[in-house]
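Subject: Structure handover

Hello,

Here is the structure for your files. My notes on what was found in it follow below.

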Amino acid sequence: MNRHIKAPGKHYRVGISLLELTEMFPDEESAVKWFETIYWPEGRKCGHCKSENTKVVPNAKPMPYWCSDCRSYFSVKTGTVLQSSRLPMRKWAFAVYLFVTSLKGVSSMKLHRDLKVTQKTAWYMLHRLRESWKNAGLDDCLGPTEADETYVGGKEGNKHEKDKRHAGRGAVGKTAVAGVKNRSTNKVTAKVVEHTDAETLQGFVAENAVIGSTIYTDEATAYRGLADLFDHQTVNHGAGEYVRFEDIHTNGIESFWSMLKRAHKGTFHKMSKKHLQRYVTEFVTRHNVRESDTEEQMAHVVAGLVGQRLMYEQLTA
């Protein structure tokens, strides 16, 4: 069956099975060609200087292509976050597939087992794939928007004694994340924040929502000044109220938080504050592109790898 055949006037999200994936990438050459098609849709360009004055290198040694302008060898990895990787492109293609199709994320241990690489390599691979999505923001769009904040981290009671804060329960020792969801586009954006005071949360909302639109929040005091810029509607969670007049609620953004936290507890088990924004960005973008076909999602990741560099030393510093 051709997975690209769709009924006229309709759009169906088309998935790719593991069997179809192996048919797409039966060997290393097919994977390289796929990456090249995404990177160079109008013809091969040098990864160093973007020149089109290039040629194939016999036997592909030391690299498959040569740029006559900057007089440098290059490959499809050059100028991307994969540049220093020695892994076959076929393994990268399979990693991209697992990355986009795992709704709760894929752990480095699973990737290590599925691709026959070390856990350390798998962990580095996943962070490089997350890097491809770091510039995917929320387009400005007039429409009703939900805003909320959450806290990510382990429970105080589950921590080793040396790691406990001994300052009460709730958000103690956790990292705050602010988020908004636009109901018109169904798109989300979220950001790790140091504080959840009025200046921080109202500033975040103002950056990611169109002035004059309707904003839905809970009754936290940090949101009270939003009425100066928006039509601000609130729901009183403290009194057990979660929906008012059918449309006044924050259920959409809270549903996103639930997915993030299920991934935290069930897949990753720990998201350090240092890398938390990368995980948040992963789930934001996965949510925002989930209506696309699997192959389109994979191409979205690969296209985002261009112009990025992420060294292992940066991640572990």
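Helices (H or I, at least four residues) and strands (E, at least two) are DSSP runs, numbered from the N terminus. By that rule, Val 280 is found in helix H8, residues 276-288. This is a predicted model, in which local features need pLDDT of at least 70 and side-chain atom pairs count only at pLDDT 80 or more, while totals for chains, interfaces and linings use all residues. Residues are numbered from 1 along each chain as its sequence is written, and side-chain values use heavy atoms, with hydrogens and water left out.

Overall

The protein chain has 10 helices and 8 strands. Of its 317 residues, 46% count as buried (under 20% relative accessible area; exposed is over 50%, partly exposed in between; 1.4 Å probe, protein chains only). Among contacts (heavy atoms within 4.5 Å) between residues at least 6 apart in sequence, 62% join residues at least 24 apart.

Leaving aside neighbours within four places in sequence, Val 280 is in contact with Val 177, Ala 190, Lys 191, Val 192 and Leu 260. One of these, Ala 190, is 90 residues from Val 280 in sequence and 6.8 Å from it in space, C-alpha to C-alpha.

For helix pairs, axes are lines fitted to C-alpha atoms over the stretch in contact, and angles run from 0 to 180 degrees between N-to-C directions. The axes of helix H7 (residues 251-268) and H8 come within 11 Å and cross at roughly 125°. H7 is therefore oblique to H8 (under 35 degrees counts as roughly parallel, over 145 as roughly antiparallel, 65 to 115 as roughly perpendicular, and the rest as oblique). The crossing of H7 and H8 is right-handed (the near helix is turned clockwise from the far one by less than a right angle; anticlockwise is left-handed). On the H7 side the residues that meet H8 are Phe 256, Met 259, Leu 260, Ala 263 and Phe 268. Their partners in H8 are Tyr 279, Val 280, Glu 282, Phe 283, Val 284 and His 287.

The axes of H5 and H8 come within 9 Å and cross at roughly 60°, so H5 is oblique to H8. This crossing of H5 and H8 is left-handed. Here Trp 123, His 127, Arg 130 and Glu 131 of H5 meet Arg 278, Tyr 279 and Glu 282 of H8.

In helix H9 (residues 294-304), the buried residues are Thr 294, Gln 297, Met 298, Val 301, Val 302 and Gly 304. They lie on the same side of H9 because they cover an arc of only 165° around the axis, taken from the directions from the helix axis to the C-beta atoms. These buried residues pack against helix H1 (18-24), helix H2 (28-39), H3 and helix H5 (119-131).

The axes of H3 and H9 come within 9 Å and cross at roughly 115°, so H3 is roughly perpendicular to H9. H3 passes H9 in a right-handed crossing.

Regards
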